[in-house]
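Here is a model to question.

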Amino acid sequence: MRVLLASPYEIGRQPLALAHPAAILRQAGHHVHCVDLSLGTLPWDDLAEFDIIALSVVMHTATRIAARLLPRIREKAPRAHLVCYGLYGPAHASILTGLGANTVLGPDCEGSLLDLADGREDKPPANAPARVRFVVPDRRGLPDLGRYAHLIGPDGGKKTVAFAETTRGCKHLCRHCPVVPIYRGRFRALPRDVVLDDISQQIEQGATHVSFGDPDFLNGPAQALRITEALHERWPHVTFDATIKVSHICEHPEIIRTLAKRGCVMITSAVESFEDAVLANLDKGHTAADIYTASAIVRAAGVSLMPTFVPFTPWTTLDGYRQLLQSIQDLDWVDAVAPIQLAIRLLVPAGSYLLDLPGFRDELGPFAAERFGFPWAHRDTRVDALQEAVQQRVEVAEERKEGRRETFGALWDLAHAACNLPAPVLVQSAGVTAVFRLSEPWYCCAEPTTTQLAVADAST
Ligand code: SF4
C-alpha cells in the first residue's frame, strides 16, 4: 500500500508521530511517504495516488490544522482511506469523521494503522491505548534535525536537538490534561534498546542534545535513571532536558542532582498557577509552596527550570494574575518563561476530567466543534479583556522577535493597569541566572495563532 503520513505540528520537533508508524509500516513492506507540514507541504498533485492518508492529531494545534485540511484532502483524494490518529483523536472522532476521516485512532495506534495497510479493515479500530510493538523510529524522509527547534544556551550558543520518548501515558490524573482521558492514570515504558538506538541515530545526524518528550520523565524513575546512565556513559558530551512535575521534583531531589550530573540542563515543569484553589481544581498534586521548593531544588542542581502555566481559568482573578507575574519576578523566572505561557487560556476538550468538577459544566457554553472544545467566559469580563490584551501583546512580541524581559514588562504594565494599580519599576535581581531554553515556545495546550493555522492554507 502507498501510505502518506503527515504531521501538522509537533512543537518544533522532528515528529515521532510519523517516524514510529513509518518504521512499522515500512518493515511490513508498505511504501510510506512522510510530510512534516510545519516545514513542508502536502504533495497535492499526487495525493490521489495514496491508498491511505493519515494525519497525526497529537495536540490541540495539530488537530485544528488537520480539521482545516481534511475536506480539501478528501476532495483531492476521493478514494484514499483518510485517518486521523493521536491523543486528540478519540474524543473528537465524530467531528473528524464529519470532515472526511474514514477512521479515527488514538495514540498507540501503530497496530491499527498496520491492520488498515494490510487490508484487515474488519478489525475494530483501537481507540483506547493498545499494546504496541515498539521498534526504532524510521526518520528517513523527514527534514534534517538542524531545521527543527534547537537548544539555546546561556551564552547564546545553539545545539541541535534529538527528540525521544522513554514512556507513553502518565500515572497522574490532572483534570485539565488531555493525556488523562486516554491513559486514565496508566503509563508504559518503551524498551531501552529502542530508545537508545533512536537517540544514537539522531546523534549520528548531528544532535548534541536530547529532548525527552515523556509526559513526565519521573513517572518511572528507574527507566529515567537507566536511560540517562547509558546516555551519559556512551555520549558524555550530550546534554538533555525533560518534563518533570513539581511534586516529583520535590519528592526526588537526589534524582534531580543525579540527572544534572548526567547532563540534564533544563527541566520543563507544569507549574500552572500560584493559587492553591486553582491548583486544587486542576488536581495538580502540588501547592504554591511546593513550587518554591521545586525551584530551589532545580536551581541548586545547576539546572534551568522552564515553567509552564495555565494563567487564565474561570477561577483566575485580576489580582491573582498580577500576583502570578510578581511570583515570576520574585523567583527570577522572567527569562525562563516563554511569553505565550502568560497568555494561555484553559482548554476544555471533549472528555476532559474537568467536566466532572462539581458545577464546572455550568460555566461552559455548548461544545464548539470548530474549536474542539467547550468555550467559557469569565464571570468578570475584565479578566477576559486582560487575557485578550495579553494574547495580542504576546503575538506582537513573537512577530517582532522581542526579548522575554521586554515582553514581560509590557504584560506587567497591562496587569497593573487592569487592577488600577501603578506598575512598580521592574528591577532585575542580582541573583538572576541565565537559562537554557528551546527556540520553539511551548504551544501544546495553547490555542493556535493565526500564523499557525495558516499552515493549512499555505499547504494548498
Ligand atoms: S499534566 Fe503532566 S503530570 Fe498531570 S496528568 Fe498530564 S502529563 Fe501527567
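The questions below test the terms used for this predicted model.

Q: How do you know that strand 4 and strand 5 pair?
A: Two strands pair if at least two bridges are found between them. Three bridges join strand 4 (residues 81–85) to strand 5. In strand 5, Leu105 is the bridge partner of Tyr85.

Q: What makes strand 2 and strand 5 edge strands?
A: The open sheet has five strands, in the order 2-1-3-4-5. Strand 2 (31–36) pairs on one side only, and so does strand 5 (103–105).

Q: What is the average twist from one strand to the next?
A: The twist averages 20 degrees.

Q: Which domains is the protein chain divided into, and where do the bounds come from?
A: Domain 1 covers 2–117 and domain 2 covers 150–439. The bounds come from an automatic or database domain assignment. The C-alpha centres of the two domains lie 27 Å apart.

Q: What makes residues of domain 1 and domain 2 count as in contact?
A: Their C-beta atoms, placed from the backbone, must lie within 7 Å. By that test, the contact takes 16 residues from domain 1 and 16 residues from domain 2.

Q: Which element gives the most to the side of domain 1 that touches domain 2?
A: Helix 2 (residues 60–76) does, with three residues.

Q: How do the residues of that side of domain 1 divide?
A: Seven are nonpolar, six polar and three charged.

Note on methods. Residues are numbered from 1 along each chain as its sequence is written. This is a predicted model: local features need pLDDT of at least 70, side-chain atom pairs count only at pLDDT 80 or more; totals for chains, interfaces and linings use all residues. Helices (H or I, at least four residues) and strands (E, at least two) are DSSP runs, numbered from the N terminus. Axes are lines fitted to C-alpha atoms, for helices over the stretch in contact, and angles run from 0 to 180 degrees between N-to-C directions. Two residues are in contact if their C-beta atoms, placed from the backbone, lie within 7 Å. Ala, Val, Leu, Ile, Met, Phe, Trp, Tyr, Cys and Pro count as nonpolar, Asp, Glu, Lys and Arg as charged, and the others, Gly among them, as polar.
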